[in-house]
Amino acid sequence: MGIDLKHRNFSGIEVGEMNELAKTFDIPPHLNASTPIELRGFERDEVKLMVLNRETGNCDHTQFKQLPEFLNKGDVLVLNNSRTIPASLKGKQGNRQLEVRLSRKVDDNCWDVLIIGDFYQAGEPICFSEKVLASMVGEGSEKPLVQLKFNRSGVELFDFIYRNGEPIRYEYIDLPWPLDCYQTVYGSVPGSVEMTSAGRAFSWKLIQSLKQKGIEIVFIQLHAGLSYYGDDRWPTPKNHPEEYHVGSGTVDQILKAKSSGKRVIAVGTTVVRALETIMTQYGQLKPSEGVTNLYISGDTPLKLVDGLITGLHEPEASHLDLLKAFISEKKLLNAYQTALLKNYKWHEFGDMNVIL
């Protein structure tokens, strides 16, 4: 998400070259969505939608509000109801200003974090407002993350984060949009440090339209961690634990759909990761909660999920690797070339893709 986007250019790429460019394709700056669509006078569900056929690679192009046309009665849409927290905190060590980006809650007063600043001392506490202090107590799940222990815990710490934090904002977003812009309409359980953005385009009106067609809507929860560490560094999925919870009602609806030959469609890579983690761990879908380190790529056989609604992903992101579990790299990158030619917008405020 936070790469240098100034020199990105996609023109002149032949389809035959796409495979070689899988890790290096460029996004032109004008295709970085920097403003939420609703602040430009439209509804959230009026973003573009690219409908990609897994088997043929063929694409249809429409608006996201037309999604019900591509789903069937009895299909199950699985949404992530994790809510975004304002995970960017401003702190100080002496006279040095630091930004602390929360990545993952370890326990009631301890978080894996990314510290952004010219220099920081491992043995010196970081001072925040309201007399909140945090001390470094070890390495995080992987470098460059570190573990900070706060002198507040539980609800008290969350209250402090909500009063003083801001949404994490990458350099392609020019203005500090309010936290509500980084929420899905249905998010209800605070915990994600970045928005589970595949669900952002859903409106209550669209959800109602889907239900009226007989499409089942169910929820899981996975609290998303940081997707980018800066300086061209991305999380390693196997070292990127994320907490998840899948309840019995969701399990029952999914199993009912599968038994009657209907499709299970994940809204976001977080949903895929949670459901496939359970299938990998237990060999069957069952109510479960825990922490996942599952890495899904083109070599991973999907055991449960039939389709995916997602945004558009950079070549370096592990999210793009996950998409290759649904569709071949050649077909995926050819579709991405088409999306670029048709001026689809990238990132969390951007346009959408459904793979069916």
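Which side chain meets that of R163 in a salt bridge? The close-ups below begin with that pair. This is a predicted model, in which local features need pLDDT of at least 70, side-chain atom pairs count only at pLDDT 80 or more, and totals for chains, interfaces and linings use all residues. Residues are numbered from 1 along each chain as its sequence is written, and side-chain values use heavy atoms, with hydrogens and water left out.

**View 1. R163 and E130 meet in a salt bridge.** The partner is E130, with 2.7 Å from N to O; a salt bridge here is a side-chain nitrogen of Lys or Arg within 4 Å of a carboxyl oxygen of Asp or Glu. R163 lies in helix α1 (residues 154–164) and E130 in the loop between β8 (126–127) and β9, so the pair ties together parts that are 33 residues apart in sequence. Helices (H or I, at least four residues) and strands (E, at least two) are DSSP runs, numbered from the N terminus. R163 is exposed at 51% relative accessible area, while E130 is partly exposed at 34%. For these words, buried means under 20% relative accessible area, exposed over 50%, and partly exposed in between (1.4 Å probe, protein chains only).

**View 2. D231 and R233 form another salt bridge.** Their closest N and O atoms are 3.5 Å apart. D231 is exposed at 66%, and R233 is partly exposed at 32%. Elsewhere, salt bridges that share partners join E38, R44 and R200 into one network. The whole count comes to 16 salt bridges.

**View 3. D232 has a positive phi.** Look for D232 in the loop between β12 (216–222) and β13 (242–246). Its phi is near 55°, and D232 is not a glycine. Most residues other than glycine have a negative phi. D232 counts as exposed, at 54% relative accessibility.

**View 4. N343 also shows a positive phi.** The value is about 60°, although N343 is not a glycine. N343 sits in the loop between α6 (329–341) and β17 (352–355), and is partly exposed at 38%.

**View 5. A cis peptide bond joins K143 and P144.** Omega is about 5° here, and P144 is in the loop between β9 (133–139) and β10 (146–150). Most peptide bonds are trans.

**View 6. C110 is buried.** A search of the whole structure finds zero disulfides (pairs of cysteine sulfur atoms within 2.5 Å). For C110, the nearest cysteine sulfur is that of C127, 17 Å away. C110 has a relative accessible area of 4%; C181 is buried too, at 5%.
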